[in-house]
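Trainee: I'm new to this one and a bit lost. Could you pick a single part and walk me through it slowly, along with whatever it leads to?

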Amino acid sequence: MHELKISPKVKDALEKRKPIVALESTVIAHGLPYPHNIETAKALEQICTENSVVPATIGVLKGEIIVGMTEEEISHMLEDDPLKIGTREIPYVVALKKSAATTVSATMRIAKMAGIDVFATGGIGGVHVGDWDVSQDITEMSKTDMIVVSAGCKSILDVKKTIEFMETFQILVLGYRTDKFPIFYEGLSSYKLDHVVEKPEEIAKIYLAKTELGIEGTILVANPIPEEHAISESEVEVYIKQALKECEEKGITGKQVTPYLLSRVAQLSNYKTLRANIELLKNNVRLACQIAKEITTLKL
Ligand code: PSU
Ligand code: MN
């Protein structure tokens, strides 16, 4: 198999079966503006460390797949104006020695190759509104064993279709202390979830049962943004409508859509959505740390 560059800390944690949480690099390169991106990347790693969990930020530097990027490696990646890649583009950047930030799909696949079970992100990609555009995140989650902690998905997506697609692709969605599917900035949606868990331990047990039964795929933990950081639906809707209209006018399509919408919505909201984004990321990492610890306890 192609060699991954696994950092000494992550390697040690894998050998000693210590808890590890994978983190993606697209949110750093294409999801948050400078300098918030670097600050947030550091803050998320720090939350892991404070919780005695080893963080593993994943990305590609000049064709080398890195699991557990250092601060310098993250800076180098950003200087290289990295591509935004999903799983299907991993061989392309490896063979042609390009730098790339990994989305949810690519991060999960690489985390799996390394032997990591838990991954924290902000929001997953899903089914976009309008023309056919469905994220690789969905297809990847249908086949890769992983626990992905996210604050649901963004209302820039067609939330209802995204939820239905997850059923079709056999992705188990667990509401964390909620029976409503969470929406990124806004908190809870009106879409009901069938499966609710109250404790990180339950999530770990379900994951191990899944593994023992040989049922492949992801467990998506839907962890709502803390109420005090949520922004009202009516407010966010105005910004999203405006940003979507601009996408159409400017002919923005494909993988440019999500980064464009994210940055425009942040500008239009006077960076209120940016603060919400950072808070929900931290909240997801905290929960992912607890789950990762439960898994190591149960696996011992
Ligand atoms: N949603 C966010 N922030 C992000 C992304 C999604 O709130 O940064 C990123 C993630 O990396 C996700 C990707 O995997 O966008 C999905 O992009 P696309 O829709 O092009 O598949
Ligand atoms: Mn797409």
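Mentor: Helices (H or I, at least four residues) and strands (E, at least two) are DSSP runs here, numbered from the N terminus. Keep in mind that this is a predicted model, where local features need pLDDT of at least 70 and side-chain atom pairs count only at pLDDT 80 or more, while totals for chains, interfaces and linings use all residues. Residues are numbered from 1 along each chain as its sequence is written, and chains are lettered from A and ligands numbered from 1 in the order in which they are written.

Now look along the helix itself. V159, T162, I163 and M166 are the buried residues of helix 8. Buried means 20 or more other C-beta atoms within 10 Å of a residue's own, exposed means 12 or fewer, and partly exposed is in between, with C-beta atoms placed from the backbone. Those four sit on the same side of helix 8, because they cover an arc of only 100° around the axis; that arc is taken from the directions from the helix axis to the C-beta atoms. An α-helix has 3.6 residues a turn, so residues three or four places apart point the same way. On the face turned away from the buried side, helix 8 carries the exposed residues E167 and T168.

What does the buried side meet? It packs against helix 7, strand 9 (172-176), strand 10 (180-183), strand 11 (187-192) and strand 13 (218-222). Contact here means that two C-beta atoms, placed from the backbone, lie within 7 Å.

Step back from helix 8 and you reach K154, in the loop between strand 8 (146-150) and helix 8 (159-168). K154 counts as buried because it has 25 C-beta neighbours inside 10 Å. Leaving out residues up to four places away in sequence, K154 touches G123, I183 and F184.

Apart from neighbours within four places in sequence, E24 is in contact with I58, T102, T103, V104, T107 and T121.
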